[in-house]
Amino acid sequence: MSRFYILLIIFFFLLPPAPTCQAQQFLHRMISLEVSRKPLSEALNQLGQQGNFRFSYNSNLLPGDSLVSLSVYNKTVKQTLDILFEGRFEYRETGNHIIIQQPTGGQVWYLSGYVLDEKTGERIRDASVYETQQLVATLTNEQGYFRLRLKDKYPTAAVSIRKAWYTDTFMILKPGYDQELTVSIAPRSFLLDTIVVSPVEKNWLSNLFLSSRQRAQSINLSKFFVDRPYQTSLTPGIGTHGKMSSHVINKFSFNIIGGYTAGLQGVEIGGVFNIVKQDMSFLQIAGVFNMTGGKANGVQTAGVFNHALDSVNGLQLAGVVNFTTGNLRGVQTSGLANHASGSIAGMQLSGAVNSAPKGIKGMQLSGLGNLSEKNVNGMQLSGAVNISTNDVKGVQMSGLLNIARKVNGVQIGIINIADTVEKFNIGLINLIRKGYYKLSLYTNEAVPLNLSLKTGTHKLYNILIAGVNPEAGRQVFTYGYGFGSDLHLWRRWSFTPEITAQYCYRGNPNAYAMLYRANMNLNLKIGKYITFFAGPSFSMYHYSADQPRENYNHPIPKYGAINSGYADLKYWFGWNAGIAFF
């Protein structure tokens with residue numbers, strides 16, 4: 001039993017006792033009576049003597065000397081009176097009196113009895129007994145007994161009995177007085193029957209709020225649905241449509257705590273939750289969560305999360321999580337995470353994580369990470385990590401790591417990993433299986449010994465640099481980063497323009513010194529793995545006024561540099577020459 005039902009039971013126990021117990025004391029006593037052409041007053045006296053009560057009525061309403069005939073056996077007092085007066089009056093108990101009076105409207109009658117297995121004679125539990133016009137229903141108990149409360153304002157009562165794997169039984173009854181029936185239903189002649197079970201009834205969360213009897217009712221009436229303009233409820237099963245709420249499609253639904261309805265074609269508002277068995281159209285608003293067993297067409301907004309067990313066409317807006325088992329055609333936005341098990345054409349926007357197992361056409365935007373297990377056609381933008389286990393056609397941009405198979409676009413991050421990149425990678429480390437890799441040893445006029453690692457693509461590669469001048473009195477250590485492009489010229493010849501920036505350590509960690517270079521190298525490839533290169537360069541050196549420590553010096557060539565007019569900036573023309581591997 002769900003927590004909501006426990007709270008409701010406590011609530012109803014705290015209510016003052018209703019006077020219904022006393023009202024059923026006399027009217028539901030069993031009697032037998034046989035009279036033939038006797039005055040009404042005498043027939044009522046005999047009836048009162050058997051039940052140990054008295055009647056009170058207006059003699060103008062019921063002439064006591066009118067002659068009546070009646071033959072009943074083992075009937076309740078109310079049934080006997082309904083037969084005697086043809087259901088024209090109401091009955092109310094006061095003390096030891098039953099008052100017979102004119103109907104005041106809204107009179108009810110009860111249909112009760114047992115449901116049996118036609119072949120075995122065994123009583124059947126959890127069979128649905130319902131009336132289609134009034135939308136009232138009940139389930140048989142462990143003994144196969146049912147009791148259905150009906151209104152007599154309809155000329156007939158259309159009562160159906162349904163149980164999974166049994167044939168349906170339908171009855172037209174005349175209202176106005178209590179009736180008892182014993183109904184036998186036949187098992188179907190085949191083992192397999194088409195039973196439609198809504199996904200919400202298999203979901204662990206919805207099962208916290210739906211009783212086992214509600215689920216049994218849903219299985220029995222799996223193909224029965226009606227439309228109504230509105231409904232209100234306190235919790236599932238307690239509301240306008242009672243136990244039939246899960247078989248009603250509404251245009252407006254208002255749930256104080258939560259509701260369970262068949263479908264929505266309008267607006268639904270829930271204080272805590274809304275559960276819709278089939279499709280939802282237009283707008284769902286809940287304080288905690290919305291759950292839809294079918295398609296969500298429109299807007300779902302909840303304080304914690306939204307869950308569509310089919311597809312979403314529209315907007316899911318949640319404070320924490322959005323989830324759809326099917327496709328997303330629209331937008332998911334949440335404070336923590338979004339997940340769409342199907343394909344996505346639209347946008348996922350979250351504070352932490354977006355997940356698209358079947359790919360996305362559009363955008364994933366998150367504070368932490370994005371995941372797509374299929375193609376991305378659009379953009380993945382995150383604060384830390386983007387992962388696509390398939391191809392990316394567009395942009396991957398993150399604060400740390402991008403991973404994809406084939407990238408027909410751009411990766412921007414500190415670390416970029418891919419199988420193939422057709423355009424650009426911009427990052428500190430680019431690891432591309434079918435990419436550009438060069439390990440270079442070279443010298444120049446400023447720093448005689450240099451080592452660099454170039455990774456990326458021919459169109460754009462990154463350069464990690466480390467260098468040293470070991471000469472006494474001119475020592476300097478450098479490290480830096482740069483960009484370059486390998487442009488093929490003719491056969492084994494290529495041209496590589498490069499821009500680099502290197503920090504220069506001169507013995508004082510607090511001293512500032514940066515060397516910026518533009519290199520124009522001509523490359524000659526010798527064999528498969530060796531390339532010689534050389535070319536002119538232009539350097540700018542920006543440094544602080546701190547003097548180098550002993551044995552250290554500025555990385556300025558021996559032939560000098562050109563003064564820029566600023567004390568801390570010099571520039572000169574130089575050269576590069578070296579060998580590259582791979």
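Colleague: What makes the 23 residues here a nonpolar core?

Modeller: In this predicted model, a nonpolar core takes buried residues of the nonpolar kinds joined through side-chain atoms within 4.5 Å. The largest such core has 23 residues, and Leu44, Phe55, Leu81, Phe85, Tyr91, Ile98 and Ile100 touch the most other members. Strands E1 (30-39), E3 (67-76) and E5 (97-101) each supply at least two residues of this core, as do helices H3 (40-51) and H4 (77-85).

Colleague: Which residues does Leu44 touch, leaving out those up to four places away in sequence?

Modeller: Phe55, Tyr57, Leu81, Leu84, Phe85 and Ile100.

Colleague: Why are H3 and H4 called roughly antiparallel?

Modeller: Their packing angle is about 170°, with the axes 12 Å apart. Angles over 145 degrees count as roughly antiparallel, so H3 and H4 are roughly antiparallel to each other. Leu40, Leu44 and Leu47 in H3 meet Thr80, Leu81, Leu84 and Phe85 in H4. By kind, the residues of that contact come out as six nonpolar, one polar and no charged.

Colleague: How do you know that E41 and E42 pair?

Modeller: Pairing needs at least two bridges. Seven bridges join E41 (residues 436-444) to E42 (residues 449-456), so the two strands pair, and they run antiparallel. Ser440 stands opposite Ser452 in E42, and a hairpin of four residues links E41 to E42.

Colleague: What makes E42 and E43 a pair?

Modeller: With E43 (residues 461-469), E42 has eight bridges in the antiparallel sense, against the cut-off of at least two, so they pair. Asn450 stands opposite Gly467 in E43. Here too a hairpin makes the join, through four residues.

Key
Residues are numbered from 1 along each chain as its sequence is written. This is a predicted model: local features need pLDDT of at least 70, side-chain atom pairs count only at pLDDT 80 or more; totals for chains, interfaces and linings use all residues. Side-chain values use heavy atoms; hydrogens and water are left out. Buried means under 20% relative accessible area, exposed over 50%, partly exposed in between (1.4 Å probe, protein chains only). Contact means heavy atoms within 4.5 Å. Axes are lines fitted to C-alpha atoms, for helices over the stretch in contact, and angles run from 0 to 180 degrees between N-to-C directions. Angles under 35 degrees count as roughly parallel, over 145 as roughly antiparallel, 65 to 115 as roughly perpendicular and the rest as oblique. Ala, Val, Leu, Ile, Met, Phe, Trp, Tyr, Cys and Pro count as nonpolar, Asp, Glu, Lys and Arg as charged, and the others, Gly among them, as polar.
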